[in-house]
Amino acid sequence: MSEAKYDVLGIGNAIVDVIARTEDDFLVAESLVKGSMALIDEARAETLYGRMGPAIEASGGSAANTLAGLGSLGGRAAFIGKVKADPLGEVFGHDIRAIGVDFPTAAAAGGAATARCFILVTPDGERTMSTFLGAAQALGPDDIDAATVEAASVTYLEGYLWDPPAAKEAFRKAAEIAHAAGRQVALSLSDSFCVDRYRPEFLELIRGGTVDLLFANDSELKSLYETGDIEAALQAVAADAKLAAVTLGAEGCVVLADGERVAVPAAPVDGAIVDKTGAGDLFAAGFLFGHVRGLGLKRSAELGALAAAEVISHVGARPLVELRQLASDRGLI
């Protein structure tokens, strides 16, 4: 097996986060339920974009957030995700490349516009989100660049993209290429509602060996095994998965592999918990960084916990400080 060019290749939704401050009156005027997340169509996306105030636009999406965290730790990353050749598609491409992530996917010339998530922040800090998935759901097998997959130690798949049939085919193709090259495949379950829709398929991926490393939080894992008992779910995944990293919120995380079970507490948060968005994405970033470097289950989990603690200490799903320095200060790398 050749030396990997990338630590992690992420495959997921290419979404531009459009973040703007607003007043409660605007939410009322636009019939937006405060604190909610709703899916919207392209027409509504264009209308809302035209009415909202000045905004910050940056590349987003679960897998892309993980890669941003990996890069902050000093890791090498690439991303496959679909945008359209439009202004927001250019924003996504520029932004993700600017943080050091290779992005080889060709933009779509036609079809739906680039995906975007409008994040409206009211004076009390509450976030109200409206998401148009657009071009992100057009990802297909032809977008999987074999050379990029073969060059990555781990191909990391975002469960959110399991909805579109073509994206599902793309995932399976990437996994086959990765395994043929002697590489590993990781899957994030992403959301308990996603698990409810595709439970048999996710279980088949895990039990059949397509997935080498599973990421889940407690609610996703309980949904996967249809139980309200987290301990029962942990025992079940220990029997099914080669390696599973399960986050338990304030209780930290549990990592299970080859009969071994490692529990790591949550890392302390500087100040108050401000915004839990991206906690799971950044945990995956830290864990993958440690895993690829052979740092062991405990140290990898500690890096994940540290990255998650940093991101929930402020608004936004990307680290605001250099995680590599933070980890070095804690003696983790």
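F79 is buried in this predicted model, with a relative accessible area of 0%. F92 is buried too, with a relative accessible area of 0%.

## Aromatic pairs around F79

The whole structure holds eleven aromatic pairs. In one of them, the ring centres of F79 and F92 are 5.7 Å apart and the planes meet at 45°, so this pair is tilted. F79 belongs to strand β5 (residues 77-80) and F92 to helix α4 (residues 87-98).

F79 has another ring partner, F103. That pair is tilted as well, at 5.9 Å centre to centre with 35° between the planes. F103 sits in the loop between β6 (101-102) and β7 (115-121), while F79 lies in strand β5, so the pair ties together parts that are 24 residues apart in sequence. Both F79 and F103 are buried.

The table sets the two pairs side by side.

| Pair | Centre to centre | Angle between planes | Class |
|---|---|---|---|
| F79 and F92 | 5.7 Å | 45° | tilted |
| F79 and F103 | 5.9 Å | 35° | tilted |

Elsewhere, Y156, F215, F283 and F287 are linked into a cluster by ring pairs.

How many of the residues of β7 are buried? The count is seven of seven, and the strand is mostly covered. In a regular strand the side chains alternate between the two faces of the sheet. In β7, A115, C117, I119 and V121 point one way. R116, F118 and L120 point the other way.

Strands of a sheet pair through backbone hydrogen bonds, either parallel or antiparallel. β7 shows both senses. Strand β2 (residues 15-21) runs parallel to β7, joined by seven bridges. Within that pairing, I15 has A115 as its bridge partner. Strand β8 (residues 127-132) pairs with β7 in the antiparallel sense, over six bridges. There, F118 stands opposite S130. β7 and β8 form a hairpin with five residues between the strands. G125, in the turn, has a positive phi of about 90°.

## The nine-stranded sheet

An open sheet of nine strands runs in the order β6-β5-β1-β9-β10-β11-β12-β13-β14. Its pairing is mixed. The edges are β6 and β14 (260-264), each of which pairs on one side only. Inside the order, strand β10 (residues 184-188) and strand β11 (residues 213-217) run parallel and are joined by three bridges. L187 has L214 of β11 as its bridge partner.

The UniProt record, an unreviewed entry, places the feature "domain: Carbohydrate kinase PfkB" at residues 59-319. Over residues 59-319 the chain is 41% helix and 20% strand. The end C-alpha atoms of this stretch are 13 Å apart.

Most residues other than glycine have a negative phi, and most peptide bonds are trans. S190 has a positive phi of about 75° although it is not a glycine. This serine is found in the loop between β10 and α7 (192-207). Is S190 buried or exposed? S190 is buried, because its relative accessible area is 12% and the cut-off is 20%.

D258 also has a positive phi, of about 50°, without being a glycine. The loop between β13 (253-257) and β14 holds D258. D258 is exposed, with a relative accessible area of 77%.

## Empty space

Rolling a probe the size of a water molecule over the atoms shows where empty space is left. One cavity of 30 Å³ or more turns up in the whole structure. The largest cavity holds about 30 Å³ of space. Its lining consists of L157, W162, F171, R172, L205, T210 and V211. By class, that lining divides into five nonpolar residues, one polar and one charged.

The second largest pocket holds about 150 Å³ of space. Which element gives the most to its lining? Helix α11 (residues 297-311) does, with four residues. Lining residues of this pocket include V264, P265, A267, P268, R330 and L332. K298, E302, A305 and L306 also line the second largest pocket. Seven lining residues are nonpolar and three are charged, with no polar residue among them.

Notes
Residues are numbered from 1 along each chain as its sequence is written. This is a predicted model: local features need pLDDT of at least 70, side-chain atom pairs count only at pLDDT 80 or more; totals for chains, interfaces and linings use all residues. Side-chain values use heavy atoms; hydrogens and water are left out. Rings of Phe, Tyr and Trp (its six-membered ring) pair if their centres lie within 6.5 Å; planes under 30 degrees apart count as stacked, over 60 as edge-to-face and the rest as tilted. Helices (H or I, at least four residues) and strands (E, at least two) are DSSP runs, numbered from the N terminus. Buried means under 20% relative accessible area, exposed over 50%, partly exposed in between (1.4 Å probe, protein chains only). UniProt positions are given in the numbering used here, feature names are shortened, and annotations may be inferred rather than shown by experiment. On a 1 Å grid over the protein atoms alone, a cavity is a set of points where a 1.4 Å probe fits but cannot get out, and a pocket is an open set with protein on both sides within 12 Å along at least five of seven lines; lining residues have an atom within 4 Å of a point. Grid points are joined across faces, edges and corners, and a volume is the space filled by probe spheres set on the points. Ala, Val, Leu, Ile, Met, Phe, Trp, Tyr, Cys and Pro count as nonpolar, Asp, Glu, Lys and Arg as charged, and the others, Gly among them, as polar. Two strands pair if DSSP finds at least two bridges between them.
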